[in-house]
Amino acid sequence: VSAVLDQLESGQVTFLLGQGGERGELPAQSLLAKVEGPAALNALLGHVYAVDNLAAALVRRAFLRTGESIITRDGIWIGEHWLRVSRDRDTHAGVLEREQEMHGLRSEVSQVEQVLRKLESTLAEARALANDLEARREQLQADVNRHHAEHSGLSAQLDASRERATETASRLEGLIKERAALDPQVQDVATGLQAARTRLEQARAALQVLAGKRPGLEAEREQLRTDLDQARTQAEQDRAHAREVEIQLESRRAAQSATLAALERMRSQLAQLQARRQELDGQIRGAATPLVDMERSLEQALSQKVAIEAELRAAREALEAAEAALRGLEEQRGGCETRVDEVRGGMEQARLAVQETRVRRESLGEQFAATHFDLDTVLGALTAEATIAAWELNLAETTERIVRLGSVNLAAIDEFKEQSERKEYLDRQFNDLTEALATLESAIRRIDKETRHRFQDTFDRINAGLKEKFPRLFGGGHAYLEMTGEDILNAGVAVMARPPGKRNSTIHLLSGGEKALTAVALVFSIFDLNPAPFCLLDEVDAPLDDHNVGRFCDIVRDMSQRVQFLFITHNKATMELASQLIGVTMSEPGVSRLVAVDVDEAVRMAAM
């Protein structure tokens with residue numbers, strides 16, 4: 001502080017400590033109530049009162065207490081026993097004068113604020129006017145785009161008209177050439193026409209001569225026509241009969257060839273049957289005890305053989321019947337052989353059974369004789385149920401029970417306890433698995449139900465979108481989705497599309513452009529169901545003509561209000577739809593670069 005005081009050459013300075021208590025409730029005329037500052041001003045200005053002029057200060061002076069003072073607006077400071085006046089404005093600036101200057105500055109600031117508020121309102125009006133102008137600019141831009149589109153359409157129509165004019169001019173030139181080439185022919189035709197007129201006059205003269213012969217000639221002509229019609233009818237009948245004869249001849253030839261082949265086959269089969277017959281005769285003669293049934297079967301086979309031979313002779317006329325009879329004979333022969341084998345097997349089994357019974361009877365007789373019992377007494381004591389089969393069955397059951405018991409197991413109780421505990425554990429595991437399986441099946445049913453519901457909802461929404469977008473893209477017609485299957489979880493989805501004026505049964509009958517528009521309608525319907533911020537279209541409009549490109553651009557323009565489209569195209573009409581164009585150019589061989597154009601900015605610059 002001393003260093004600062006040494007540097008102060010003129011003026012006044014007051015240092016205040018940044019301490020002090022808070023301000024209390026101050027009198028309205030206190031100088032401290034009229035200034036703002038730190039709490040340290042309480043001691044300096046708390047007992048100083050401010051008045052307007054010296055007269056008011058002198059009146060109030062009589063009421064001052066010790067330590068209180070009064071100050072006027074002119075800077076006169078009055079105490080209880082003193083008065084201080086400072087007029088040195090160059091070196092000592094009064095605080096009240098500064099306050100007046102501050103009041104003046106505040107008024108100027110308020111005026112500036114009023115001017116600022118006026119400017120802000122003017123700015124708001126200018127901004128509103130700018131927004132209106134911007135909206136008008138957007139409207140004008142839309143009009144410009146519409147006019148551009150109309151210009152493009154008119155340009156296309158003009159180009160088409162020019163092409164048609166060129167074609168018409170070329171066609172006219174061709175017609176002129178054809179006319180020049182046809183002039184000689186016209187002259188020849190004129191000459192021929194003159195000659196024809198001459199011949200016509202001659203024919204008229206001859207016609208007058210032949211007019212009298214006309215009724216007879218007409219009658220003769222009618223008769224000839226009738227004869228010709230009859231001849232034609234007869235010729236048609238003859239041709240049909242000839243065709244039928246040829247067909248019958250061919251069928252007879254085919255039947256003859258088949259019959260000859262079947263006859264050769266039957267002859268070979270007959271030789272085989274005769275050999276087999278001889279073999280069977282030898283087997284029958286070699287049998288020890290011929291059977292009556294076998295002889296009857298053989299006699300039946302012989303009679304069937306004779307019938308077969310008769311059928312073979314008749315097979316040339318009825319091949320089908322012969323083959324059927326041959327198959328029947330083959331089946332009967334197989335049945336006979338089977339029965340012969342069965343009979344032989346039965347005879348062998350019966351012979352073995354008789355031999356076994358005889359041997360067993362002899363052994364049982366020897367065993368019973370060794371017991372020294374009377375057979376009649378024993379047989380009389382036996383009951384009706386005491387048969388050999390019953391005793392053998394009882395013996396087998398007893399032996400099986402003994403074998404099944406096996407040796408005595410001393411650890412069977414412990415093993416039973418252990419197996420019982422294991423059974424309880426396995427029962428608990430089984431119950432847990434059963435509950436888990438039931439829970440899993442319930443979850444699967446719930447998931448299937450939710451999947452069916454969601455799939456049906458998604459299918460209906462996409463189908464509704466397709467029904468709405470397809471007529472917009474085609475200018476009519478209708479399209480819908482159809483499930484190909486009864487189970488909704490395994491069913492496929494077919495697209496049924498019929499453009500206006502067509503009744504196609506499959507999508508393969510549509511043209512390339514119609515397939516593309518159908519795919520666009522389906523993709524946009526799916527896109528509406530779960531939209532993304534961006535949609536990329538890669539040369540979707542390539543197979544479309546100008547009319548279909550216009551409808552494609554209309555639906556893309558509508559959807560661009562909520563989706564940003566990025567599309568790759570070579571079509572001018574589609575390019576006019578975009579607000580940003582990005583192209584790839586090759587200014588130098590092998591060097592490509594991107595060129596971006598803001599269409600709105602380009603239109604704005606062109607308008608300037």
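## Two surface patches

A patch here is built from residues with over 30% relative accessible area and no salt bridge, joining like charges within 9 Å and nonpolar side chains (Val, Leu, Ile, Met, Phe, Trp, Tyr) within 5 Å. A salt bridge would be a side-chain nitrogen of Lys or Arg within 4 Å of a carboxyl oxygen of Asp or Glu. This is a predicted model, where local features need pLDDT of at least 70 and side-chain atom pairs pLDDT 80 or more, while totals for chains, interfaces and linings use all residues. Residues are numbered from 1 along each chain as its sequence is written, and side-chain values use heavy atoms, leaving out hydrogens and water.

With that in hand, take a look at Asp414, Glu415, Glu418, Glu421 and Glu424, which gather in a surface patch of negative charge. Asp and Glu count as negative, Lys and Arg as positive, with His and the chain ends not counted; each charge is placed at CG of Asp, CD of Glu, NZ of Lys or CZ of Arg. Glu418 sits in helix α10, residues 412–474, and counts as exposed because its relative accessibility is 52% (exposed is over 50%, buried under 20%, partly exposed in between, with a 1.4 Å probe and protein chains only).

Leu58 belongs to helix α3, residues 54–61, and its 43% relative accessibility makes Leu58 partly exposed.

## The whole protein

The protein has 14 helices and ten strands (DSSP runs numbered from the N terminus: H or I of at least four residues for helices, E of at least two for strands). Of its 608 residues, 16% count as buried.

Technical notes:
Areas by Shrake-Rupley, 256 points an atom, 1.4 Å probe, with all protein chains shown as cover.
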